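Please read them with the structure open.

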Amino acid sequence: MKFYSTKRQAPETNFKEAIFKGLPEDNGLYLPESIPVLSEDFIQNISNYTLPEIAFEVASKYVGDEIPEDKLQSLVAEVMNFEIPIVQVEPNIYSLELFHGPTLAFKDVGARFLARCLSYFVEKAGEKLTILVATSGDTGSAVANGFYGVEGIDVVLLYPSGKVSKIQEMQLTTLGKNISALEVNGTFDDCQKMVKDAFLDVELKKEKNLTSANSINIARLIPQSFYYFHAYAQLEDKSKPVVFSVPSGNYGNLSAGLLAKRMGLPIHKMVASSNINKIVPDYLKEGVFNPKASEMTISNAMDVGNPSNFARMYELYGESVDAMREDIQGYWFSDNATREIMREVYDRTNYMLDPHGAVGYLGLTSFINKKDVTGIFLETAHPAKFKDVVDDTLGESIEIPSALAECMKKEKQSTVIEPGLESLKNFLLDNK
Ligand SMILES: *Cc1c(COP(=O)(O)O)cnc(C)c1O
């Protein structure tokens with residue numbers, strides 16, 4: 001499979017080059033030159049396939065012969081070694097629980113796939129590599145975990161100081177070994193810009209073999225479509241139109257759902273569920289894409305003012321807002337509404353939503369209203385990752401899973417730096 005840049009000013013590449021570069025030279029985003037369609041037979045019989053089997057079927061279409069079939073088969077089996085169940089919350093409404101991986105958030109899936117693909121190629125070529133990651137919380141720990149202890153690969157995490165939860169911060173800063181954490185005196189958008197600028201810096205490019213593991217990397221995106229297929233496979237009744245609601249920040253998860261739809265998964269509608277950082281819902285409503293500074297909310301992994309994957313969505317719909325509106329409906333919700341629904345759903349059904357899943361639930365129920373459809377919202381993180389908010393909202397102290405409790409006992413190790421490319425560059429060049 002060949003990959004092209006959404007800006008069309010960079011050469012097409014193969015899978016390996018696209019994942020090592022992360023970003024094409026023209027600062028666009030990679031997309032597959034054509035989206036492969038799975039056979040009708042496979043979709044019809046999808047309930048007979050396990051998650052690793054589905055993952056292999058999807059991944060092999062993009063990877064082609066760049067990773068041998070048997071290698072890819074074991075690679076995706078390693079990536080997908082945890083469950084992604086759908087859980088019925090009420091009639092016609094399911095939660096797709098994406099938080100059963102090692103860092104309890106959906107980003108494990110993309111990060112683990114990317115890590116294992118990169119290590120396959122690094123090992124083969126004997127190269128050295130530095131992974132740069134800007135994180136609003138969950139990406140960093142998922143990526144760090146995916147790469148922890150991998151020979152020949154260093155990971156540098158950038159996170160906004162004071163703007164991630166205590167637990168998230170401990171997950172980011174307690175690993176050590178080949179993982180460094182930079183605590184940036186700024187916002188997530190600052191971190192994201194520093195990473196983008198680093199990739200475009202000529203001097204750094206000479207000194208360091210840099211790649212990205214953010215949701216902009218195509219090898220993060222591709223595996224995130226696995227679980228849309230797997231969710232559908234788990235539905236006992238497939239007779240009604242299926243709607244997915246995706247609590248969104250950088251819109252990687254939602255874009256992966258769009259890929260799944262183009263690959264032949266019968267998705268009736270995608271719901272873009274957002275907090276007050278409602279750039280995409282506003283675009284769908286008004287037809288103008290107007291990035292802003294991000295605002296802090298209780299669903300902090302979605303506090304993104306300039307969603308990077310929007311360029312992919314725009315491209316997938318031929319730059320037409322009307323075409324996008326056919327497939328995607330946008331909603332946004334305040335923190336108050338989010339807290340209220342967390343309480344309401346917990347009281348009524350005993351199902352515990354995290355603040356992000358709660359936004360997804362709200363978007364889904366807003367869309368469904370009285371429509372006769374099957375709705376699935378993505379529960380993107382375990383509620384315990386946002387213990388402060390969840391405890392405060394539900395008025396009880398929820399239990400912390402043992403994996404999280406372990407890292408809370410360790411010592412935080414981070415380097416505080418100011419926003420801007422200069423300070424990042426200094427750190428990278430000093431730590432060769
Ligand atoms: C990253 C994240 C999101 C947003 O996902 P995008 O792909 O950036 O839209 C939502 N919820 C949680 C818990 C996250 O970590």
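1. Helix α4 passes helix α5 in a right-handed crossing, a crossing being right-handed if the near helix is turned clockwise from the far one by less than a right angle, and left-handed if anticlockwise. Helices here are DSSP runs (H or I, at least four residues) and strands are E runs of at least two, numbered from the N terminus. α4 covers residues 69-79 and α5 residues 107-125; they pack at about 145° with axes 9 Å apart. Axes are lines fitted to C-alpha atoms, for helices over the stretch in contact, with angles from 0 to 180 degrees between N-to-C directions.

2. This is a predicted model, in which local features need pLDDT of at least 70 and side-chain atom pairs count only at pLDDT 80 or more, while totals for chains, interfaces and linings use all residues. Residues are numbered from 1 along each chain as its sequence is written, and side-chain values use heavy atoms, leaving out hydrogens and water.

3. Helix α16 (residues 335-349) packs with helix α18 (residues 387-394) at about 65°, their axes 9 Å apart, and the crossing is right-handed. In contact (heavy atoms within 4.5 Å) are Arg-339, Met-342, Arg-343 and Tyr-346 of α16 with Val-389, Val-390, Asp-392, Thr-393 and Leu-394 of α18. By class, this contact has five nonpolar, one polar and three charged residues. Ala, Val, Leu, Ile, Met, Phe, Trp, Tyr, Cys and Pro count as nonpolar, Asp, Glu, Lys and Arg as charged, and the others, Gly among them, as polar.

4. The structure holds 20 salt bridges, each a side-chain nitrogen of Lys or Arg within 4 Å of a carboxyl oxygen of Asp or Glu. One of them joins Glu-169 to Lys-412, with the closest N and O atoms 3.0 Å apart. The pair links distant parts of the chain, 243 residues apart: Glu-169 is in helix α7 (residues 166-173), and Lys-412 is in the loop between α19 (402-408) and β13 (415-417).
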